[in-house]
Amino acid sequence: MKVLGMISGTSHDGIDVAVVDFELVGSVLEGRLGHTASTPYPDELRARLIAALPPAPATLAEVCELDTLIGQSFAEAAARAIEAGGPVDLIVSHGQTVYHWVEGAHARGTLQIGQPAWIAERTGTPVLSDVRIRDITAGGHGAPLVSVLDGLLLGAHEGGAAALNLGGIANMTVVRGGPGQDLYAYDIGPANALIDAVVTSRGLHPRGFDEDGRIAASGRVHEGLLAVLLDEPYYRLEPPKSTGKELFHLGYVEQALARTAAPVGDADLAATLTELTVRTVARDVRASGVGALVVSGGGARNPVIMEGLRAALPGVRVARSDEYGAPSDDKEAIAFALIGWLTAHGLPGTVPGGTGASAARVLGTLTPGAGPLVLPAPLAQGPRSLVLTR
C-alpha cells in the first residue's frame with residue numbers, strides 16, 4: 001500500500017511530504033521510501049499564519065480563510081508529489097496546528113487546519129486527516145504521535161534508545177525492550193520555536209531561522225537570561241506532557257528579557273536560546289539512561305545544537321535518524337504515512353505510553369476521493385518492527 005504523508009510542523013514554514021510503499025512481511029513492516037519534498041508556504045500566507053497564532057487574537061473569518069488557503073497549499077504539494085512519484089492509495093494530511101489546548105497535565109483539545117477536501121478534490125485520492133484528537137478523547141495528549149514510528153524502528157536497540165525530534169518543539173520517545181514495551185514519549189520544551197521567533201521578529205535571516213546555527217555561534221550564552229528561562233514550570237512537570245507555541249512564543253522571550261538585568265544583544269540572545277534547547281534536552285536524555293540518541297527535525301542540521309548535545313552527553317551515542325532509514329528532514333512525514341497505513345488496516349496509531357492515553361486508538365477522519373472509499377481487510381495484529389529503505 002502506497003501512502004503519502006504530509007505535515008507542516010510547529011515551525012510553520014512549509015509542507016513536508018513523503019511517499020512510502022508499505023508491505024507487511026510476517027511481523028515486519030517493510031517501507032520503501034519514495035518521493036520526498038519540502039514546499040515552503042508563500043510568504044504572504046506564512047505571514048498571515050504567524051499573525052493569527054496564539055497569543056494573538058484571530059477572528060473566525062481569518063481561521064476559515066486560512067483553513068482554505070492552507071488546504072489548497074497542501075493540495076498543491078500532494079499533486080506535485082503524485083506527479084513526481086506516481087499514484088498513491090492514501091494521503092495522510094496532518095495539516096497545520098494552530099492551537100493545542102493544555103490545562104495543567106491534561107490536553108483538552110487540538111486544532112489543525114488545512115481543509116482535507118481540497119486535497120481529495122485535487123488528487124482524487126482519499127485523505128486521512130484530524131489524526132490527533134482521537135487520542136486526546138482517550139485521555140492522551142495527542143502528541144508526540146511520532147512515537148509509534150519510534151517504537152517500531154528502535155524497539156530492538158540494545159541498551160535502549162531515545163528518538164529526539166527537533167522541530168519548533170523538542171519531543172522525545174524513549175524505547176526499551178521492544179515496540180510497545182516500556183515506551184514513553186513527551187514534549188521536552190522549545191527546540192527552534194523561540195530561536196525562530198526572535199530571528200523572524202528582528203529580521204536576522206530572510207528565511208526566519210538561524211541557518212547552520214551561525215547567529216548563535218557568533219554570540220555568547222547570557223547566563224542570567226538562561227537562568228530565567230530554565231525556571232519555567234513546564235520543565236518540572238512529569239510526562240506525559242505536551243506543549244507548543246501557546247506557551248513558547250516571542251512574547252515569552254520578551255517577558256524573560258524584561259526579568260533580566262542587563263541588555264542582551266541579538267547574537268547572544270540566539271546563543272542563549274540555543275543553549276536552552278541543549279540544556280533541557282540533555283537533562284532529560286541523561287535522566288532516561290539510554291545509550292543512544294537518534295535526532296531528526298530541522299534542529300538536527302544545527303551544528304551548535306548537535307555539538308552541544310554531544311558535549312553534554314559524553315556517554316551517549318548521538319546520531320541522526322538517517323542512519324535508521326528515516327531521513328531527519330522527512331521523519332515526521334514518514335510517521336504520518338505510517339499512521340495512515342495503520343488506520344487503513346484497522347490498527348491503532350498510538351502507543352499509550354507515548355501519549356498518556358488510557359488505551360491505543362485508531363486515528364483520523366477519512367475524506368473519500370473520486371471514487372467509493374475502499375479499505376483493505378482489517379488486520380488482527382500489527383507489525384512488531386519497521387524497516388525503512390530507499
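Mentor: Gladly! Let's begin with a term: a contact here means heavy atoms within 4.5 Å. Keep in mind that this is a predicted model.

Trainee: Of the contacts in the chain with a separation of 6 or more, what share comes from residues 24 or more positions apart?

Mentor: The chain holds 13 helices and 13 strands. Among contacts with a separation of 6 or more, those between residues 24 or more positions apart account for 71%.

Trainee: Which residues of helix α3 are buried, and where on the helix do they lie?

Mentor: An α-helix has 3.6 residues a turn, so residues three or four places apart point the same way. In α3 (residues 116-123), the buried residues are Pro116, Ile119 and Ala120. Down the axis of α3 they fall within an arc of 95°, so they line one face of the helix. That buried set packs against α2, β4, β6 and β12.

Trainee: Which residue caps the N-terminal end of α3?

Mentor: Look for a side-chain oxygen lying 3.1 Å from the backbone nitrogen of Ala117. The N-terminal cap is Gln115.

Trainee: Arg132 is buried without a salt bridge; which side chain does Arg132 join in a polar contact?

Mentor: Arg132 sits in the loop between β6 and α4. A salt bridge needs the nitrogen and carboxyl oxygen within 4 Å, while Glu332, the nearest side chain of opposite charge, is 5.3 Å away. Beyond its sequence neighbours, Arg132 contacts residues including Thr97, Gln112 and Phe336. The polar contact, at 2.9 Å, is with His94.

Trainee: Which residues join Arg48 in one network of salt bridges?

Mentor: The whole structure has 15 salt bridges, and in one of them Arg48 meets Glu62 at 2.7 Å. Arg48 lies in α1 and Glu62 in α2, so this pair ties together parts 14 residues apart in sequence. Through salt bridges that share partners, the network joins Arg48 with Glu62 and Glu65.

Conventions
Residues are numbered from 1 along each chain as its sequence is written. This is a predicted model: local features need pLDDT of at least 70, side-chain atom pairs count only at pLDDT 80 or more; totals for chains, interfaces and linings use all residues. Side-chain values use heavy atoms; hydrogens and water are left out. Buried means under 20% relative accessible area, exposed over 50%, partly exposed in between (1.4 Å probe, protein chains only). Helices (H or I, at least four residues) and strands (E, at least two) are DSSP runs, numbered from the N terminus. The arc is that of the directions from the helix axis to the C-beta atoms. A polar contact is a pair of N or O atoms within 3.5 Å; within protein, one must be able to donate a hydrogen and the other to accept it, and residues adjacent in sequence count only if both atoms are side-chain atoms. Lys and Arg count as positive and Asp and Glu as negative; His and the chain ends are not counted.
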